[in-house]
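User: I would like to learn how to read a protein model, one feature at a time. Please give the general idea and then the case at hand.

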Amino acid sequence: MRVCASYGSVPDRLADADMHELRLDVFEVLPPDLDRDCIVTLAGKDISAVPAGFEGMVDVGDSDAEIPFRKIRSVHDFEKTPSEEVLRRTLETGDQELSKFACMVRSFSDLHTIYKAATSVGRKHLVLGMGEMGTVTRIRQGILGNDFSFGYVGRRTASGQLSAEEMKALGDDCAVVGITGNPLGHTLSPVMQGAAMRDKGINGIYLKFESPDLAHVDDVICEYDIRGMNVTIPYKQDVVPYLDRVEGPAERMGAVNTVVNEDGRLVGTNTDYAGVLYAFERAGRSLSDCDRVLVFGSGGASRAAVYAAQESGCKVSVLGRTPAKVEALCKDMGAEVAPGISLDGYDALINCTPVGMKDDSDYMFDLAGLKKDMAVMDMVYNRKTVLVKKAEETGCIVASGRDMLVGQGAMSFERWFGVRPDTEIMRRAIE
């Protein structure tokens with residue numbers, strides 16, 4: 001990978017990089033002795049600031065102006081990714097030495113479009129996705145045929161950038177894993193999985209792919225050589241049709257939280273159930289010690305909780321806001337629809353919904369029904385919820401949603417990389 005250091009402020013000295021971008025809106029005076037591997041970006045300034053005889057390239061923005069230097073024409077779309085046809089036509093038009101297009105990425109479809117356009121252009125080019133969803137385009141230079149990639153120094157000069165130091169360390173063939181769902185602002189998985197990769201000496205990165213839908217998710221995983229992906233709300237069931245095969249417990253659940261790329265064949269599995277078991281064991285109350293369990297929710301995570309409880313020998317009831325979904329889950333998995341909203345008669349309660357992320361949450365059941373020594377788990381892990389607070393006050397045995405995250409994450413990691421991670425390191429990373 002060739003990394004071009006992009007400076008958000010004037011440094012004491014130029015960074016260790018293959019190339020350097022010197023923006024005229026940052027550098028009032030250009031450093032002396034600029035070489036062929038430097039880019040001067042006009043950024044709206046006059047070209048007279050570029051010294052005569054400069055052998056590097058000059059980025060003139062979206063302009064066809066004739067200049068006495070090697071030229072980059074760069075086009076930016078800060079709102080969207082245009083069509084493949086528009087991208088290709090823009091890249092192929094003009095007399096510049098290198099064509100650059102940077103566009104905002106908001107979906108898997110956008111990433112697929114970038115791949116199709118970049119890999120069909122015959123001339124020297126650079127196509128980059130902006131925004132968090134576009135980060136993967138910056139570390140797949142070879143796949144996209146990009147001449148180089150940018151990394152920031154000091155502060156980001158574009159959304160979705162990694163630092164030049166990170167880019168050099170990762171290289172173009174690093175392992176890429178990630179998570180998809182909507183929304184993803186709360187997720188701690190990147191921090192947790194990143195710590196596990198560093199501990200095991202794996203050169204890789206865990207990225208967020210927050211997309212409004214899953215269209216082309218299968219194409220993107222294969223096109224960008226993504227080793228695997230976690231799947232969270234609301235896509236654990238929706239992702240199944242995009243996979244080549246569903247294995248193990250995921251087949252019975254009809255819900256996938258982990259995708260594994262096996263040489264271009266996408267395999268769906270489920271590690272959430274293992275996370276549920278792990279969390280209860282960490283709390284000191286195995287689900288196998290419980291008789292009746294109430295699962296609150298009817299989505300993909302609920303199916304994992306039902307599976308974990310059933311495999312532990314528990315009788316499971318399901319409560320949810322959408323009767324049709326609750327009935328379908330119970331029919332598929334042999335659970336029963338909860339006869340009411342009372343907590344009477346249950347030894348354990350598992351909240352598998354986003355309810356609790358805000359203080360004004362309605363759990364459907366009365367929290368006053370919690371009893372001392374009842375086992376309670378809330379999958380909401382980004383805050384101490386009303387349910388968890390009340391359970392602690394009542395003297396319940398509380399299984400941590402963060403422990404569930406660690407448990408399922410460790411099993412996903414092992415499936416992707418073939419090695420068991422250190423769960424203590426993962427836990428400490430998200431404390």
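User: How many helices and strands does the secondary structure of the protein chain come to?

Analyst: This is a predicted model, in which local features need pLDDT of at least 70 and side-chain atom pairs count only at pLDDT 80 or more, while totals for chains, interfaces and linings use all residues. Residues are numbered from 1 along each chain as its sequence is written, and side-chain values use heavy atoms, with hydrogens and water left out. Helices (H or I, at least four residues) and strands (E, at least two) are DSSP runs, numbered from the N terminus. The protein chain has 13 helices and 20 strands.

User: What does the C-alpha trace span along its principal axes, and what share of the residues counts as buried?

Analyst: The trace spans about 85 × 40 × 40 Å. Buried means under 20% relative accessible area, exposed over 50%, and partly exposed in between (1.4 Å probe, protein chains only). Of the 431 residues, 56% are buried. A contact means heavy atoms within 4.5 Å. Among contacts with a separation of 6 or more, 60% come from residues 24 or more positions apart.

User: In what order do the strands of the mixed sheet stand?

Analyst: Strands of a sheet pair through backbone hydrogen bonds, either parallel or antiparallel. Two strands count as paired if DSSP finds at least two bridges between them. Here six strands form an open sheet with mixed pairing, in the order β10-β9-β11-β13-β14-β12. Because β10 (204-210) and β12 (245-246) are at the edges with a single partner strand each, one side of each has no neighbour in the sheet.

User: Which strands of this sheet run antiparallel, and which run parallel?

Analyst: β11 and β13 run antiparallel and are joined by three bridges; Met-229 is opposite Val-259 in β13. β13 and β14 are also antiparallel, with five bridges, and Val-260 is opposite Val-267 in β14. Their hairpin has two residues between the strands, and Asp-263 in this hairpin takes a positive phi near 55°. By contrast, β12 runs parallel to β14 (residues 265-269), with two bridges; the bridge partner of Val-246 in β14 is Gly-268.

User: Which helix lies across β9, β10, β11, β13 and β14?

Analyst: Axes are lines fitted to C-alpha atoms, for helices over the stretch in contact, and angles run from 0 to 180 degrees between N-to-C directions. Helix α12 (residues 401-417) lies across these strands, at about 5° to β13 (258-262). As for β13, four of its five residues are buried.

User: What is the order of the strands in the parallel sheet?

Analyst: Six strands form this open sheet, in the order β17-β16-β15-β18-β19-β20. β17 (336-337) and β20 (397-399) are at its edges with a single partner strand each, so one side of each is left without a neighbour in the sheet. Four bridges join β18 (residues 348-351) to β19 (residues 375-378), and Ile-350 has Met-377 as its bridge partner in β19. Helix α8 (residues 272-283) lies across β18, β19 and β20, at about 140° to β20.

User: Which residues line the largest cavity?

Analyst: Rolling a probe the size of a water molecule over the atoms shows where empty space is left. On a 1 Å grid over the protein atoms alone, a cavity is a set of points where a 1.4 Å probe fits but cannot get out, and lining residues have an atom within 4 Å of a point. Grid points are joined across faces, edges and corners, and a volume is the space filled by probe spheres set on the points. There is one cavity of 30 Å³ or more, and the largest has a volume of about 30 Å³. Its lining consists of Thr-180, Val-217, Asp-218, Ile-221, Met-229, Val-231, Val-239, Leu-243, Val-259 and Leu-266. The elements giving two or more residues are α6 (217-223) and β11 (228-231); α6 gives the most, with three.

Terms used: 1 Å grid on protein atoms, 1.4 Å probe; cavity = no way out; pocket = protein on both sides within 12 Å on 5 of 7 lines; lining within 4 Å.
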